[in-house]
Amino acid sequence: MAKYKLTYFDSRGFGETARYMFALRGIKYEDCRIKQEDWSSLKQSYPLGVLPILEVNGEVVPQSSAINHYLAREFGLLGSNNLEEAKINVVYEVLVDTLQEARKVVEEADTEVKDERKRRFYEEILESHSEYLVKLLKSNKDGTSFFVGKKVTLADIFFVTVRKDILTYVDKDDRLDRHPELKSLSERVIGIPEIADWIKQRP
């Protein structure tokens, strides 16, 4: 069995999708957490100076998307065929686009520009992306199951961790919950026993 070590900050954020997948499959790994105050002295020792990184039998995999897709493939969370994998990747990329727009809001220093970006993010981007995700979800068993197929996949897990552990920094009102289909999907995912157990005991 492969030996895994996941290194990220002592927070959830972009490391949590991988942690959900480890929990779901019951795979043991070293959960290495770096405190923010220690990061400046350690940054240069990590590839590209960013986290998370995943080590697999000593081999280093940087970049959260690469890590998430690698683990999803290893753990059977990329669908049952190439078309399902493509659909999963569509959901993933929509969420990545959403996060990129959210980052523009967070990082903007000019107050007036920030306010306009926030308005556009809430009223245009987040709403249009949410509506598209609902459409994708409803195309599979009328929205009563998961994004793709009959079982939870990377698409569902990434959606929940983006909604619960990343996007809340900008979307403090949980506007995604205004779409009952998406709220129900989140409840189905976090209700999976292995994931529910992780949520209860995680730092």
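Student: Which residues of H1 and H8 meet each other?

Tutor: On the H1 side they are Glu16, Arg19, Tyr20, Ala23 and Leu24, and in H8 they meet Glu194, Ile195, Trp198 and Ile199, where contact means heavy atoms within 4.5 Å. Helices here are DSSP runs of H or I with at least four residues (strands are E runs of at least two), numbered from the N terminus.

Student: What kind of model is this, and how are residues numbered?

Tutor: The model is predicted, so local features need pLDDT of at least 70 and side-chain atom pairs count only at pLDDT 80 or more, while totals for chains, interfaces and linings use all residues. Residues are numbered from 1 along each chain as its sequence is written, and side-chain values use heavy atoms, with hydrogens and water left out.

Student: Back to H1 and H8, at what angle do they cross?

Tutor: The axes of H1 (residues 16–25) and H8 (residues 193–201) cross at roughly 125 degrees and come within 8 Å; axes are lines fitted to C-alpha atoms, for helices over the stretch in contact, and angles run from 0 to 180 degrees between N-to-C directions. The two helices are therefore oblique to each other, given that under 35 degrees counts as roughly parallel, over 145 as roughly antiparallel, 65 to 115 as roughly perpendicular and the rest as oblique.

Student: What about H5 and H7, how do they pack?

Tutor: H5 (residues 111–138) and H7 pack at about 65 degrees with their axes 9 Å apart, and they are therefore roughly perpendicular to each other. Their contact is made by Ser130, Leu133, Val134, Leu137 and Lys138 of H5, together with Glu181, Leu182 and Leu185 of H7.

Student: New topic: is Glu85 buried or exposed?

Tutor: Glu85, which is found in helix H4, is buried because its relative accessible area is 17%, and buried means under 20%, exposed over 50% and partly exposed in between (1.4 Å probe, protein chains only). Leaving aside neighbours within four places in sequence, Glu85 is in contact with Arg73 and Leu78.

Student: And where is Asp177?

Tutor: Asp177 lies in the loop between helix H6 (154–166) and helix H7 (180–190), and it is partly exposed, with a relative accessible area of 23%.

Student: Which residues does Asp177 contact, apart from its neighbours within four places in sequence?

Tutor: Asp177 is in contact with Arg163 and Lys183. Arg163 is 14 residues away from Asp177 in sequence, and the two are 9.3 Å apart in space, C-alpha to C-alpha.
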